[in-house]
Amino acid sequence: MTIKQLTLHAFQEFANGNLEPLRPLLHENFVEHSPGNPSGRDAFIEFIAQAPVAGAELDLQRVIADDTHVVVHYLMTTPEATQSVVDIWRFDNNQIVEHWDVVQLT
């Protein structure tokens with residue numbers, strides 16, 4: 001499976017409320033670059049499970065990938081707002097080792 005396919009599978013599962021596909025995909029020493037979000041696989045999964053994105057409607061817009069990075073653009077709709085989100089994931093050996101994001105109100 002390519003890193004794009006791995007990412008799409010995990011995104012679809014997450015959008016359906018299933019966090020478990022994230023566990024093997026995230027490296028144990030995963031680094032999160034978004035201020036206020038924790039690094040480390042277990043800390044990040046625990047954080048994201050409680051974050052607004054976990055209960056939001058996610059509408060995938062596009063996915064761009066190369067040999068080491070996957071960029072995912074989607075609309076995240078909660079009862080409060082709709083936001084445009086871009087996640088950038090860096091892979092090493094088919095695991096996510098780093099993450100950056102950009103969030104904009106639409």
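Helices (H or I, at least four residues) and strands (E, at least two) are DSSP runs, numbered from the N terminus. With those labels, Ser-34 belongs to the loop between E1 and H3. The model in these views is a predicted one.

**View 1. The largest pocket and its lining of 27 residues.** This pocket comes in at a volume of about 490 Å³. Helices H1 (3-15), H2 (22-25) and H3 (41-50) each give two or more residues to the lining, and so do strands E3 (69-77), E4 (82-92) and E5 (95-105). If you want to find the centre, look for Phe-14, Ile-48, Val-53, Tyr-74 and Asp-87, the lining residues that lie nearest to it. By type, the lining splits into 19 nonpolar, 5 polar and 3 charged residues.

**View 2. The largest nonpolar core, 26 residues in total.** Leu-22, Ile-48, Val-53, Leu-58 and Tyr-74 have the most contacts inside this core. Two or more core residues come from each of H1, H2, strand E1 (26-32), H3, strand E2 (57-65), E3 and E4. H1 supplies the largest share, with 5 residues.

**View 3. Ile-48 and what it touches.** Skipping neighbours within four places in sequence, Ile-48 is in contact with Phe-14, Leu-19, Leu-22, Val-53 and Ala-54.

**View 4. Glu-98, a buried residue in strand E5.** What does the side chain of Glu-98 reach with polar contacts? One partner is the side chain of His-33, at 2.6 Å; another is the side chain of Arg-90, at 2.5 Å. The relative accessible area of Glu-98 is 16%, so it falls below the 20% cut-off and counts as buried. Once neighbours within four places in sequence are set aside, Glu-98 contacts Phe-30, Val-31, His-33, Ile-88, Trp-89 and Arg-90.

**View 5. Ser-34, in the loop between E1 and H3.** Is Ser-34 buried or exposed? Buried, because its relative accessibility is 7% and the cut-off is 20%. Its side chain makes a polar contact of 2.8 Å with the side chain of Glu-32, plus one of 2.7 Å with the side chain of Asp-101. Not counting residues up to four places away in sequence, Ser-34 touches His-99, Trp-100 and Asp-101. Ala-56 is 22 residues away from Ser-34 in sequence, and the two C-alpha atoms are 19 Å apart.

**View 6. His-73, in strand E3, with Arg-62 as a polar partner.** The side chains of His-73 and Arg-62 are joined by a polar contact of 2.5 Å. His-73 has a relative accessible area of 15%, so it is buried. Leaving out neighbours within four places in sequence, His-73 is in contact with Leu-60, Gln-61, Arg-62, Ser-84, Val-85 and Val-86.

**View 7. Ile-64, in strand E2.** Which residues does Ile-64 touch, not counting those up to four places away in sequence? They are His-69, Val-70 and Val-71. His-27 is 37 residues from Ile-64 along the chain, and 21 Å separates the C-alpha atoms.

**View 8. Thr-78, in the loop between E3 and E4.** With a relative accessible area of 15%, Thr-78 is buried. Neighbours within four places in sequence aside, Thr-78 is in contact with Pro-52 and Ala-56.

**View 9. Asn-93 and Asn-94, in the loop between E4 and E5.** Most residues other than glycine have a negative phi. Asn-93 has a positive phi of about 55 degrees despite not being a glycine, and Asn-94, not a glycine either, has a positive phi of about 65 degrees. How do they sit relative to the surface? Asn-93 has 72% relative accessibility, so it counts as exposed. Asn-94 is partly exposed, with a relative accessible area of 43%.

Key:
Residues numbered from 1 in each chain as written. Predicted model: local features only at pLDDT ≥ 70, side-chain atom pairs only at ≥ 80, totals over all residues. Heavy atoms only, no water. 1 Å grid on protein atoms, 1.4 Å probe; cavity = no way out; pocket = protein on both sides within 12 Å on 5 of 7 lines; lining within 4 Å. Points joined across faces, edges and corners; volume = space filled by probe spheres on them. Nonpolar A, V, L, I, M, F, W, Y, C, P; charged D, E, K, R; others polar. Core = buried A, V, L, I, M, F, W, Y, C linked by side-chain atoms within 4.5 Å. Buried < 20%, exposed > 50% of the residue type's maximum accessible area, 1.4 Å probe, protein only. Contact = heavy atoms within 4.5 Å. Polar contact = N/O pair within 3.5 Å; in protein donor to acceptor, adjacent residues only side chain to side chain.
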